[in-house]
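Dear colleague,

Please find below the structure that I am handing over to you. My notes on what was found in it follow.

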Amino acid sequence: MKRRWTAALATVAAFGLVLTSAGPAPAASPITTAIYTADPAALVVGDTMYLHTGHDEAAAGGTNFVMRDWHVFSSTDAATFTDQGARLSLSNFSWAGGDAWAGEVEPRGGKYYWYVPVNGRGAGWMDIGVAVGDSPLGPFTDAKGGPLISDSTPNSSPLNIDPTVFTDDDGQAYIYWGSYNGVRAAKLKPDMINLDGPVITPQGVSNFWEAPWMFKRNGTYYLAYAANDSGCSSPGYACIRYATASNPMGPWTHRGVVLDQVTSTTNHPAIVEFKGQWYMVYHNAAAPGGGNFRRSVTLDKLYWNADGTMQKVVQTTGPIGGGGGGGQPPTGTNQALAATASTSYVSAWETLGAIKDGYVPTNSADHSHGAYGNWNHQGTEWIEYQWPTARSISKVATYWFDDNQGIDLPASCQVQYWNGSAYVNVPGQSGCGVGANTYNITTFTPVSTTRLRMNITSRTGYSTGVLEWMAL
């Protein structure tokens, strides 16, 4: 299958113009702080990942999107991205009036087609146009001379934005787009600039709001999209849900939430495999001076369950593969290395000592160096460290074990310490995280103790496990 992995740019997307020099920028949170970026589309060509992004230019305190061009960022390691500059702008479309929102680039026949929503100055508001170039960096020119999709297109969306384009194994290309709950889909002709048949309303896309992203993996079609229902986000915010299908036009079956709400009200996914690792590319408001109209593109690793469903993405705050709370352990002296471990119960085939061997897991299913697990016990079990003399502890980092079978992420956890006569909860404990594929950092007021315990409560029907438990 041809992997096209390109992203639909965000919800009522954003666009902005500020040219910057093409220099490396540290990745993950965010890919750059030189400008504000949004609505990423990811495309892998050879050994390079390209992110085609919108550009937020709203002033501090602005209350609307200011977007006039799109940038391209490139990386060969998914960790450091270079801004290749503004490669497409409103001025490339003679019929465009404003609002350079979320787009996506799709390759075909040695050409690269950039589908973008803009205000077309005609009847209605947003139209979708197409630019074409000879490389992922362009230069790009208007491929059609007018909109591909507009309000005059029969059965068009209530708001024609956020196109995502997918080319199947047989060469047939499909386009999905829409907002205001109006997801739409159509086939594209081989020229990639004309629709091939009627526009349909795909069925089964639960709680769709905008920002669709379509791809295929192991024969299954996936559609990720922004949703803003109360089941996944606070009022006014969006999460990313996803659905699967056996046909690119549906019907779709909703599978769940793959990315929780972020620090910006809008949310926009791009999901791509790069050098054997999958990534969720999205935007938030985490950059200095950021906000709902000054967003920043970031990315985190994405992992799969054995049944083809996606694990929820853990949002990190540091570089991909590094920094406390992400793919690498936090810094500090790990007092666990000098402790004796014990537990209420460990399965005969598991290894309690694995929780303090210092091995850095690649994900929550990585038990190549052993793992603690308590299958088939359910409810609350505990693990414990004991030292011959008192140690000062103010933080733990827990990497949960999830074998995608009988052991699952816990429902909750609680850190306790021995006060000389009994176990009591540590004072001032922060939330005890239960995320997958990461070191969950729990802080508390420092305690001096000879024993530290973690009480772990399972989800209904499952047992629990731990790959690493650090005491700092």
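Which strand gives the largest share of the lining of the largest pocket? That share, 3 residues, comes from strand S16 (residues 253–259). Please bear in mind that this is a predicted model. The largest pocket has a volume of about 630 Å³. It is lined by 24 residues, and the closest to its centre are Gln311, Lys312, Leu409, Ala436 and Arg459. By type, the lining consists of 9 nonpolar, 8 polar and 7 charged residues.

Strand S2 (residues 36–45) deserves a separate look. Of its 10 residues, 8 are buried, so the strand is mostly covered. S2 runs antiparallel to strand S3 (residues 48–56), and 8 bridges join the two.

Asp39, which lies in strand S2, has a phi near 50°. Asn218, in the loop between strand S13 (210–217) and strand S14 (220–227), has a positive phi of about 50°. Are these residues buried or exposed? Asp39 counts as buried because its relative accessibility is 0%, whereas Asn218 is exposed, with a relative accessible area of 68%.

Finally, two cis peptide bonds should be noted. The bond from Gly250 to Pro251 is cis, with omega near 5°, and Pro251 sits in the loop between strand S15 (239–245) and S16. The bond from Trp375 to Asn376 is also cis, with omega near 5°.

Yours sincerely

How values were computed
Residues are numbered from 1 along each chain as its sequence is written. This is a predicted model: local features need pLDDT of at least 70, side-chain atom pairs count only at pLDDT 80 or more; totals for chains, interfaces and linings use all residues. Side-chain values use heavy atoms; hydrogens and water are left out. On a 1 Å grid over the protein atoms alone, a cavity is a set of points where a 1.4 Å probe fits but cannot get out, and a pocket is an open set with protein on both sides within 12 Å along at least five of seven lines; lining residues have an atom within 4 Å of a point. Grid points are joined across faces, edges and corners, and a volume is the space filled by probe spheres set on the points. Helices (H or I, at least four residues) and strands (E, at least two) are DSSP runs, numbered from the N terminus. Ala, Val, Leu, Ile, Met, Phe, Trp, Tyr, Cys and Pro count as nonpolar, Asp, Glu, Lys and Arg as charged, and the others, Gly among them, as polar. Buried means under 20% relative accessible area, exposed over 50%, partly exposed in between (1.4 Å probe, protein chains only). Two strands pair if DSSP finds at least two bridges between them.
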